[in-house]
Amino acid sequence: MADAARIAQEAEALLAPLSAEANLAWWDSQVDATDENGERWARAELAWSDALADRALYASVEHARRNGASGHVRRRLDLLHSLMLRRQVPEALRARIVELEASVDVRFSRHRGVVGGVELGDTEIKKILRRSDDARERREAWEASKTVGAEVADDIRKLARLRNEAARCVGYRDWFALSLATDEVDEAKLAATLSDCDRATSEEFGRWKAGLDERLAARFGCAVAELRPWHYSDPFFQDAPPDAVVDLDPYVDGRDVVGLARRTMEGLGLEAEGIIARSDLYPRHGKNQHAFCVDVNRAGDVRILANVVETHESADTLLHELGHGVYDLGLASDLPWTLRSTHLVATEAAAILCGALAWRRDWLERVLGLSAGEGAELESRLRSARACELLVFTRWVLVMNAFERALYADPDADLDSLWWELVRRYQGVTPPDGRSAPDWAAKIHIAVSPVYYHTYLYGSIVALQLAAALEAEAGGIVDRPEAGALLHERLFAPGESVRWDRLVEQVSGAHLSVDSLARAVADV
Ligand SMILES: [Zn+2]
């Protein structure tokens with residue numbers, strides 16, 4: 001066997017069991033949060049990350065990659081290289097970053113904002129911003145949502161400096177550049193795509209938001225010019241306001257949500273039963289309250305953790321996770337371990353596509369059993385709700401991305417002012433008068449999931465492209481096994497043997513472009 005292929009195979013033989021053990025330990029710690037499970041997960045993570053930091057292994061991968069490897073072998077070595085690169089920094093520096101991240105993370109989970117003398121969690125603060133008509137109470141709740149920022153801002157700046165130091169150790173300008181490079185995202189293309197997103201949404205957003213501002217001014221009895229961040233329905237104005245969303249809960253109440261999701265996947269000809277059987281789907285004391293899908297061993301052990309209740313959001317969430325799951329199960333089994341995986345943008349796109357089925361008229365009629373009359377009545381409202389969500393979310397991602405780029409370019413800059421300049425520019429929100437506080441630091445992703453937000457937007461855009469391609473080639477998605485087959489063959493089976501951006505072209509017939517986004521937001 002050629003040397004390069006042997007090195008790829010040896011690295012995979014070493015990493016595969018460590019990855020499976022870390023995934024399994026993570027799963028156990030999430031379905032049953034005992035101290036023992038937590039400790040086992042921490043040990044497994046450490047073993048996995050130590051293997052990725054191994055200098056001799058990295059050197060042999062790097063050498064093989066640069067010396068004549070081609071085709072699938074080169075692709076495997078490239079992916080192994082990206083996986084290991086971030087860990088090739090002095091151990092003391094790596095340890096300081098991990099410690100500081102953990103300490104900031106803990107302060108986020110412990111912190112409570114105080115409203116009316118009472119400590120409140122994020123959910124309760126959000127509830128006030130969604131429901132309260134009392135501007136004073138809203139302002140207090142909004143300000144309480146930001147107090148965590150002041151507590152962690154200095155450490156986030158410190159983290160940014162340490163991450164930059166790590167990035168420079170492996171030859172990158174800063175952490176922003178390194179993160180994108182190891183995720184195979186081209187920085188110049190990302191900047192160009194985001195300015196396309198800005199252009200594609202700016203006018204519609206301005207028009208839609210002018211209407212929202214008029215409604216808010218009437219509701220709170222003030223002038224539009226007097227609206228401030230606390231008049232919007234969430235602390236960062238990242239979600240569509242409640243009055244823009246269609247309430248489908250009454251249709252799902254009393255229904256078997258897991259059965260609906262199974263039925264949806266069957267209609268696509270995609271196998272979900274095995275995933276459902278291995279999953280932990282209902283709320284229970286001592287388990288994670290969110291939802292995720294994990295491919296434990298890249299060999300068929302795919303599971304979902306969810307907290308299914310009889311709401312429409314729950315159906316969307318379960319379909320989303322099943323979208324990840326059918327993708328993992330659809331990876332061609334003869335691919336080597338490294339290629340039997342998914343790029344974040346591609347798997348997020350498949351998941352968003354599946355979750356979005358629950359918002360389509362044909363799903364409501366065929367799977368949920370609404371009459372054609374009811375479906376027709378809901379259709380345009382659903383489209384406009386979706387458009388509104390995309391608009392609000394896109395503007396928010398523009399803030400996050402521009403901010404993080406600036407944070408890593410200069411962690412010591414006047415970030416407090418920059419944040420509000422960006423919020424004003426992209427979201428059209430007027431900063432509070434005379435405010436000087438690190439409000440940016442209250443967004444947990446900046447501290448613990450750095451340079452990641454564009455992945456959600458890319459996933460949403462690719463999901464729109466996939467939906468358009470399936471409409472054109474399979475005549476639809478719901479109850480179209482042809483659509484499932486097409487996804488399976490062109491998107492799932494290749495795994496990471498094809499770079500994610502080429503995969504997008506291969507499945508949707510076009511580069512990632514904002515055309516589909518521009519069309520979707522026009523429905524607002
Ligand atoms: Zn997801």
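Select R298 and W337 first: R298 lies over the face of W337, 3.8 Å from the ring centre. A charge is counted as sitting over a ring if NZ of Lys or CZ of Arg is within 6 Å of the ring centre and within 35 degrees of the ring normal. The model is predicted, so local features need pLDDT of at least 70 and side-chain atom pairs count only at pLDDT 80 or more, whereas totals for chains, interfaces and linings use all residues. Residues are numbered from 1 along each chain as its sequence is written, and side-chain values use heavy atoms, with hydrogens and water left out.

Next, select K146 and F236. K146 lies over the face of F236, at 3.5 Å from the ring centre. F236 also belongs to a cluster linked by ring pairs, together with F393, W396, F403, W419, W440, Y452, Y453 and Y456.

Rings of Phe, Tyr and Trp (its six-membered ring) pair if their centres lie within 6.5 Å; planes under 30 degrees apart count as stacked, over 60 as edge-to-face and the rest as tilted. W396 is in helix α16 (residues 372-409) and W419 in helix α17 (residues 415-427), so the pair ties together parts that are 23 residues apart in sequence. Helices (H or I, at least four residues) are DSSP runs, numbered from the N terminus. Both W396 and W419 are buried; this term means under 20% relative accessible area, with exposed over 50% and partly exposed in between (1.4 Å probe, protein chains only).

Move to Y453 and Y456, another edge-to-face pair, at 5.2 Å centre to centre and 80° between the planes. Being three residues apart in helix α19 (residues 453-474), they are separated by about one helical turn. Y453 is buried, with a relative accessible area of 5%, whereas Y456 is partly exposed at 28%. Over the whole structure, a search finds 21 aromatic pairs.

Now centre the view on the zinc ion. Its protein donors are H320 (NE2), H324 (NE2) and E348 (OE), lying 2.1 to 2.2 Å from the ion. Donors are N, O and S atoms within 2.8 Å of the metal (3.2 Å for Na, K and Ca); water is not among the atoms, so sites may look incomplete. Along the chain, the donors follow the spacing H-x3-H-x23-E. H324 lies in helix α13 (residues 312-330) and E348 in helix α14 (residues 344-357), so this pair ties together parts that are 24 residues apart in sequence. H324 is buried at 10% relative accessible area, and E348 is buried at 11%.

Leaving aside neighbours within four places in sequence, W363 is in contact (heavy atoms within 4.5 Å) with L260, T264, H312, A315, L319, L357, A358, L368 and V478.

Finally, select the cysteines C197 and C388. The structure holds zero disulfides, a disulfide being a pair of cysteine sulfur atoms within 2.5 Å. The cysteine sulfur nearest to C197 is that of C388, 17 Å away. C197 is buried, at 0% relative accessibility.

How values were computed:
Helix = DSSP H or I, 4+ residues; strand = E, 2+ residues; numbered from the N terminus.
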